[in-house]
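Please walk me through this structure. Begin with one place where the chains meet, then widen the view.

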Amino acid sequence: MSMNLELRVWRQKNPHAKGYFVSYQAKNISPDMSFLEMLDVVNEDLISNNQDPIAFESDCREGICGACALVINGVAHGPERGTTACQLHMRHFNDGETIVVEPWRAKAFAPIKDLVADRSAFDRIMQAGGFVSVNTGSAPDANTVLISKTYADLAFDAAACIGCGACVAACKNASAMLFVGAKVSQYAHLPQGQPEHKFRVQAMVMKMDEEGFGSCTNTQECEAVCPKQISTRVITELNREFLRTYL
Amino acid sequence: MILDAKIPSGPLPDKWNNYKNASKPINPANKRKYHIIVVGTGLAGASAAASLGELGFRVSTFCFQDSPRRAHSIAAQGGINAAKNYRNDGDSVHRLFYDTIKGGDFRAREANVYRLAQLSGNIIDQCVAQGVPFAREYGGLLDNRSFGGSLVSRTFYARGQTGQQLMLGAYGALNRQIAAGNVKSHPRSEMQDLIMVDGHAKGIVVRNLVTGVMTAHTGDAVVLATGGYGPVFYLSTNAVGCNVTATYRAFKQGALFANPCYTQIHPTCIPQHGNHQSKLTLMSESLRNDGRVWVPKQKDDKRSPQQIPEAERDYYLERKYPSYGNLAPRDIASRAAKLVCDEGRGVGPGGRGVFLDFSDAITRLGKDVIFARYSNLFHMYQKITAEDPFEVPMRIYPASHYTMGGLWVDYELMSTIPGLFVLGEANFSDHGANRLGASALMQGLADGYFVLPNTISGYLNQIKPNSIKDNDSKCKQTAIDAADYVHRLMSIQGRHSPDFFHRELGKIMWNDCGMTRTEKSLQNALAQIPQLRDQFWKDVRVTGTDLEMNPVLEKALRVADFLEFAELLCHDALQRRESCGGHFREEFQTEDGEAKRNDDEFCYVAAWQYQGASQKPELHKEPLQFENIALAQRSYQ
């Protein structure tokens, strides 16, 4: 029960070259393969024909490292909710279907090659303030500070972000508010996050703007494509926390 | 060669303090003068780089991923052990130490493991202070769960994403030091070689994975935190980028490689489904807290699991190991699964699978409780298999997961090359022949946060800082050699992709040096690997050019090293004529089919020294001395 598919894939030799779509045939694809394993098969074919295989990123292939970044049929990470491209299986496609594959597109995510984009802006936002300043060795006993399970769970829900950038890729404004909000929300719900609250929120928001990410206009496409289904409540919280720094 | 582990004097509980008291710190004003290179930014690398930066050293980090946060530590699911005794169930530093030594089948150093157990509590404190959202109880205190190989509940967790949360904590600490200017981060940079000057590690050559350019980076010490070599079996639970290159190149430069045959095959992974599969997915061991492992009593039973009545099911772990039951350690649970499948009682396509059944726990605790504990794991399982574990039992099978072997290090975590330190999974030091669940995160963070920052001064005090520049002739030559090696690979222009050779190597290793090994199978592997390697160097095809982003070239470079390293692994497995932990030689087993150690002849660390291309490496032995615990047949019955 194998499938044959037509792929239309964005190819771009380097950051300065012009990109274009190229069609490929993906033959004898098992419905149990992941989307990336399907691309592996296409690439094996390209290599055996002495052609440059399609560059795309992946590492853990179990939905947690955040490396894979494909827009599939116009949707970041493809049609399945709460799923990274590496965990998307071919059983969700039909035999004979044409599938369009593109990279993340955003001003702040410059293209590198084919389906690979530069997401280092996310690292720089985190460097601006996405941490608690605690040197190794200076921590009190872990059970000294009680944290209500409710707040610990809220913090965890936000902390589940894998930094893939689908939220930016899906947003018509290429806004990074879901990504930034997730980190801000995690610390806002924890006592450990309070001392540096003002510095953190302002520094991260400033960096986000400086890197060229857009503003949020509440379309909520980010939540719809987020593989960890992070709620846009973190954007509300980011706005609240940002205002709170001026109180 | 005499392998001096530099174990400090004094009684076991005092050794680490004695070591620290005897060490000479570096003047804070002088720390800026030292530049330390850290390769790998997982738990061990990120925590080490951040902590060294906090101390005032200048640090550069390198990782092949596009961001330090993506290192494969991020995928660890179940939890992290710590001897906090928050449960009042009798846990202690000594108990964690003993469980770890016993779990490793008495093939690890007492002093290292004791230090690990002593530091375990500090790790939890540190991570909580960083804002890591560990699971909590309604009263606001930290929650714990149980893991294999232990009778106490000492595992701290953050749903099924503990590794991710600890990783992001360490990434945050690293980011803070990058922002402070103490650490310089080099993502998309893969180490190709170690720069050696007068017998000391003085830097590395890296390939920029975007431009393909080779550059030399010098430092006063080099820290490898580059993970394990699980993908030597091709399919494993590791990320597809995980590789042995950094540690293997260090081996070729003279660092001894210890116990490569100690490989961990994890019992609970989603079974293989086809030939184009790129990886196997782990289902956390924590599932064995509530899931019961079984197969049908009859052979070739094709009924669906619900149709098989209770009396016709064999809960073989509970039957064979009544006191540990489903929480038997990984090596034992894996072999037991292989055994029942070899008997023809395996389930699912190809008969290579066993059931992990939650129906009793769902009846006892309710669906909501099970959902809260394992929702992300159930979700992941359903994504991959299109089956709902709430409705039908999971099917699982063992897969390559973790490697206990690694570069030999002394108590200070320094390898046999002065100035080369090795942390986390990349070293061999703490897990013996088998690692217990939730101990990898513990070791990676202990090494990075607490051990290395206290031991590196011992070496740095002996050398003059900044003695070599990036444009030194030795650096230039190492970079030229690395580029030549790339050109050699690219010029072959053969017929097969690097993946083709990797898959072939995986078949050899899994069949002949996998969950069980024999003298014959190992000799077979040792005959086949050099042939495959020759074929690779005649017939591999690398498309594109070297001076661009080229994933095929990256893969070819990694596979070339696996093809050499695999032989080292088999040499080690062949010389160790005993069974212990993850190394099971069929010739050496008890009447019950358990691993039979030979303490008289093999109670040592096997450390191998490179002797040149295609030459058999030379074996050196570090005897293991057990002064505080008695060697015993490992029993979980």
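**A helix pair between the chains**

Met126(A), Gln127(A) and Ala128(A) in α2(A) meet Asn175(B), Ile178(B) and Ala179(B) in α6(B); two residues are in contact if their C-beta atoms, placed from the backbone, lie within 7 Å. By class, the residues of this contact are 4 nonpolar, 2 polar and no charged. Ala, Val, Leu, Ile, Met, Phe, Trp, Tyr, Cys and Pro count as nonpolar, Asp, Glu, Lys and Arg as charged, and the others, Gly among them, as polar.

This is a predicted model, in which local features need pLDDT of at least 70 and side-chain atom pairs count only at pLDDT 80 or more, while totals for chains, interfaces and linings use all residues. Residues are numbered from 1 along each chain as its sequence is written, and chains are lettered from A and ligands numbered from 1 in the order in which they are written.

Two packed helices are described by the angle between their axes and the distance between the axes. Helix α2 (residues 120-129) of chain A and α6(B) have axes that come within 8 Å and cross at roughly 80°. That angle makes α2(A) roughly perpendicular to α6(B), a label used for 65 to 115 degrees; under 35 counts as roughly parallel, over 145 as roughly antiparallel and the rest as oblique. The axes are lines fitted to C-alpha atoms, for helices over the stretch in contact, and angles run from 0 to 180 degrees between N-to-C directions.

The whole contact takes 63 residues from chain B and 67 residues from chain A. On the side of chain B that touches chain A, α3 (43-55), α5 (110-129), α6 (162-179), α11 (367-385), α12 (440-460) and α16 (551-575) of chain B each supply at least two residues. The most come from α6(B), with 9 residues. This side of chain B has 26 nonpolar, 23 polar and 14 charged residues.

Now to chain A by itself. It has 8 helices and 7 strands; helices (H or I, at least four residues) and strands (E, at least two) are DSSP runs, numbered from the N terminus. Its domain assignment gives domain 1 (3-102) and domain 2 (120-244), with bounds that come from an automatic or database domain assignment. The C-alpha centres of these two domains of chain A lie 30 Å apart. Their contact takes 12 residues from domain 1 of chain A and 10 residues from domain 2 of chain A.

Five strands of chain A form an open sheet in the order β2-β1-β5-β3-β4, with mixed pairing; two strands pair if DSSP finds at least two bridges between them. At the edges stand β2 (20-29) and β4 (75-76) of chain A, each with a single partner strand, so one side of each is left without a neighbour in the sheet. Helix α1 (residues 35-48) of chain A packs on the sheet and touches β1 (3-11), β2 and β3 of chain A. Strand β3 (residues 71-72) of chain A pairs with β4(A) in the antiparallel sense over 2 bridges, and Val71(A) stands opposite Ala76(A) in β4(A).

Two loop residues remain. Asp114(A), in the loop between β6 (111-113) and β7 (116-117) of chain A, has a phi near 45°, a positive value in a residue other than glycine. Asp114(A) is buried, with 25 other C-beta atoms within 10 Å; a residue is buried at 20 or more such atoms, exposed at 12 or fewer, and partly exposed in between, with C-beta atoms placed from the backbone.
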